[in-house]
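Biologist: Can you take me through this model? I would like to start with the ground rules.

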Amino acid sequence: MPVVNEKKLPLFCPSCQSKLKVKKLVCAQCDTEVEGLYSMPPLASLNNDEQTFVMEFIKSSGSLKDMATFMGLSYPTVRNHLDEIISKLTKLEQQKK
């Protein structure tokens, strides 16, 4: 689960709704800065709920049965949720080409 006060990474421009790219990274430990124009990784383009689902899916060793129990949902509902995430990631990969 995300920390309550943690800032969420914006994915879209608040002005024109275009997809954002990363321009600068900073090390919180030593203050080193890396600057450039980088695309966001596909998993970062998922919303928080989708990212949480992927994390729990990995931690459950890919068991949809365990995910259904953990989430308190039926197996078909969990399968549909996974299919939606797969579809979204596939579209994101195709957009990069």
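This is a predicted model: local features need pLDDT of at least 70, side-chain atom pairs count only at pLDDT 80 or more; totals for chains, interfaces and linings use all residues.

Biologist: How many salt bridges does the structure hold?

Modeller: Four. A salt bridge here is a side-chain nitrogen of Lys or Arg within 4 Å of a carboxyl oxygen of Asp or Glu.

Biologist: Which residue does glutamate 50 meet in a salt bridge?

Modeller: Lysine 88, at 2.9 Å, N to O. That pair links distant parts of the chain, with glutamate 50 in helix 1 and lysine 88 in helix 3 (residues 75–96), 38 residues apart. Helices (H or I, at least four residues) and strands (E, at least two) are DSSP runs, numbered from the N terminus.

Biologist: Is glutamate 50 buried or exposed?

Modeller: Glutamate 50 counts as buried because its relative accessibility is 13%. Buried means under 20% relative accessible area, exposed over 50%, and partly exposed in between (1.4 Å probe, protein chains only). Lysine 88 is partly exposed at 30%.

Biologist: What about arginine 79 and aspartate 83?

Modeller: Their side chains form a salt bridge at 2.7 Å, N to O. The two are four residues apart in helix 3, so about one helical turn separates them.

Biologist: Switching to the strands, how do strand 1 and strand 2 run?

Modeller: Antiparallel, joined by four bridges; two strands pair if DSSP finds at least two bridges between them. They form a hairpin with six residues between them, and aspartate 31 in the turn has a positive phi of about 70°.

Biologist: What stands opposite lysine 24?

Modeller: Glutamate 35 in strand 2. The salt bridge of lysine 24, though, is with glutamate 33, at 3.1 Å, N to O.

Biologist: And helix 2, which residues are buried there?

Modeller: Leu64, Met67 and Ala68. They cover an arc of only 100° around the axis, so they sit on the same side of helix 2. The arc is that of the directions from the helix axis to the C-beta atoms.

Biologist: What does the face turned away from the buried side carry?

Modeller: The exposed residues Lys65, Thr69 and Phe70.

Technical notes:
Residues are numbered from 1 along each chain as its sequence is written. Side-chain values use heavy atoms; hydrogens and water are left out.
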